[in-house]
Amino acid sequence: MSDPLRRIDALVEEDTLPTPQVRQQLRLAAGLTQAEVADAIGVKRLAVARWEAGATQPHRGNRRAYAHLLRKLAAKHPDAATEGAPDEG
């Protein structure tokens, strides 16, 4: 694969988000509040609430940070990383 294609793949994979339901499941599985997630990313709690509701999507910089956080949470809580998993909270 050429370098430009590799960079494109990295960008796409880097900020791919799970469904809103899975975003919430991952946060709950980790025992985090929306405010804690918002503080870690540098946004207001309402932004996280809207992302989890599917009402809005994070902008690029926030999207990368949010995707990174969700990947880390999914690695720790793989059962919560699937659609339809029971909420823990």
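**Exercise 1.** Determine how close the axes of helix 2 and helix 4 come and at what angle they cross, and then list the residues that meet.

*Solution.* In this predicted model, local features need pLDDT of at least 70, side-chain atom pairs count only at pLDDT 80 or more, and totals for chains, interfaces and linings use all residues. Residues are numbered from 1 along each chain as its sequence is written, and side-chain values use heavy atoms, with hydrogens and water left out.

Begin with the axes, which are lines fitted to C-alpha atoms, for helices over the stretch in contact, with angles running from 0 to 180 degrees between N-to-C directions. Those of helix 2 (residues 20-29) and helix 4 come within 6 Å and cross at roughly 125°. Helix 2 is therefore oblique to helix 4, given that angles under 35 degrees count as roughly parallel, over 145 as roughly antiparallel, 65 to 115 as roughly perpendicular and the rest as oblique.

Next, take the contacts (heavy atoms within 4.5 Å): Pro20, Gln21, Arg23, Gln24 and Arg27 in helix 2 meet Trp51, Glu52 and Ala53 in helix 4. By class, the residues of this contact divide into 3 nonpolar, 2 polar and 3 charged, where Ala, Val, Leu, Ile, Met, Phe, Trp, Tyr, Cys and Pro count as nonpolar, Asp, Glu, Lys and Arg as charged, and the others, Gly among them, as polar.

**Exercise 2.** Describe in the same way how helix 3 and helix 4 pack.

*Solution.* Helix 3 (residues 34-41) packs on helix 4 (residues 45-53) at an angle of about 110°, and their axes lie 8 Å apart. Helix 3 is thus roughly perpendicular to helix 4.

On the side of helix 3, the contact involves Gln34, Ala35, Val37, Ala38 and Ile41, which meet Arg45, Val48, Ala49, Trp51 and Glu52 in helix 4. Sorted by class, the contact of helix 3 with helix 4 has 7 nonpolar, 1 polar and 2 charged residues.

**Exercise 3.** Which residues of helix 5 are buried, and which are exposed?

*Solution.* Using relative accessible area with a 1.4 Å probe and protein chains only (buried under 20%, exposed over 50%, partly exposed in between), one finds Tyr66, Ala67, Leu69, Leu70 and Leu73 buried in helix 5. Seen down the axis of helix 5, its buried residues fall within an arc of 165°, so they line one face of the helix. On the other side of helix 5, Gly61, Lys72 and Ala75 are exposed.

Technical notes. Helix = DSSP H or I, 4+ residues; strand = E, 2+ residues; numbered from the N terminus. Arc of directions from axis to C-beta.
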